[in-house]
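Please look over the model shown here.

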Amino acid sequence: MKPGRIKSILLAMLLAFSLPALANEAAPKQALPNADDPVIEQRMVNLAEDLRCLVCQNESLAGSHAELAEDLRREIRAQMKAGKDDKQVIAYLTERYGDFVLYRPPFKPETWLLWLGPVLFLGIGGGAWVMTLRRRRAAPVAPVDEKRRAAAAQLLEEK
């Protein structure tokens, strides 16, 4: 074997064995629960699973590591300790941040397009597909003249 080939094999092996260790280092850590009151903590986690992180946007508030998410979880805990129920906490968050904070926004005029948009686009796509099929069926089929038929037969015979 050539010396350059041995170096590249050793480098590839080193990289292959070090990647799992590097992956464990780079893996995000779970948000640690605040164990002051386990009942409130469990309520907060259950509620935060249904709320969107305003920074990450595709991550729940419970799983996010953003500073704003930590602040919101702290605020939720404080409101729960103050005796507010889940609906009151959600009302507070939606009043402050809008329906965007909810993974399942309510069905109201401002969110009709959000809820009905997929059905609308599916209907438009289905209608376009049906119209295309009808036009194809209605289109006259041009007869093949004898010259083209002979040319095609000749091409087939050559092979």
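The report below moves from the overall fold to helix packing, salt bridges, loop contacts and a surface patch.

## Overall fold

This is a predicted model. The protein chain has six helices and zero strands. Along the sequence the pattern reads α-α-α-α-α-α. Of the 159 residues in the protein chain, 19% are buried.

## Helix packing

Two packed helices are described by the angle between their axes and the distance between the axes. Take α2 and α3 to begin. Their axes come within 10 Å and cross at roughly 130°. The crossing of α2 and α3 is right-handed.

Next come helix α3, residues 67-81, and helix α4, residues 86-97. The axes of α3 and α4 come within 10 Å and cross at roughly 140°. That angle makes α3 oblique to α4. α3 passes α4 in a right-handed crossing.

## Salt bridges

Side chains of opposite charge can pair when their charged atoms come close. The model has six salt bridges. One of them joins the side chains of R77 and E41, at 2.8 Å from N to O. This pair links distant parts of the chain, with R77 in helix α3 and E41 in helix α2, 36 residues apart.

D86 and R43 meet through their side chains in a salt bridge of 2.9 Å, N to O. Here too distant parts of the chain are linked: D86 sits in helix α4 and R43 in helix α2, 43 residues apart. D86 is partly exposed, with a relative accessible area of 30%. R43 is partly exposed as well, at 26%.

D99 forms a salt bridge with K108, and their closest N and O atoms are 2.8 Å apart. D99 is partly exposed at 22% relative accessibility. K108 is partly exposed, with a relative accessible area of 30%.

## Loop residues and distant neighbours

Helix α2 covers residues 38-49, and D50 is found in the loop between α2 and α3. D50 is partly exposed, with a relative accessible area of 36%. How far apart in space are D50 and V101? Their C-alpha atoms are 8.9 Å apart, while 51 residues separate them in sequence.

N58 also lies in the loop between α2 and α3. N58 counts as exposed because its relative accessibility is 74% and the cut-off is over 50%. N58 and Y103 are 45 residues apart in sequence. In space, the C-alpha to C-alpha distance between N58 and Y103 is 9.4 Å.

## Surface patch

Which residues make the nonpolar surface patch? They are I6, I9, L10, M13 and F17. The patch has an area of about 500 Å².

I9 is found in helix α1, residues 3-26. I9 is partly exposed, with a relative accessible area of 31%.

Key: Residues numbered from 1 in each chain as written. Predicted model: local features only at pLDDT ≥ 70, side-chain atom pairs only at ≥ 80, totals over all residues. Heavy atoms only, no water. Patch = residues over 30% accessible without salt bridge, like charges linked within 9 Å, V, L, I, M, F, W, Y side chains within 5 Å. Areas by Shrake-Rupley, 256 points an atom, 1.4 Å probe, with all protein chains shown as cover. Salt bridge = Lys/Arg side-chain N within 4 Å of Asp/Glu carboxyl O. Helix = DSSP H or I, 4+ residues; strand = E, 2+ residues; numbered from the N terminus. Buried < 20%, exposed > 50% of the residue type's maximum accessible area, 1.4 Å probe, protein only. Axes fitted to C-alpha atoms, helices over the stretch in contact; angles between N-to-C directions. Parallel < 35°, antiparallel > 145°, perpendicular 65-115°, else oblique. Left-handed = near helix turned anticlockwise from the far one by under 90°.
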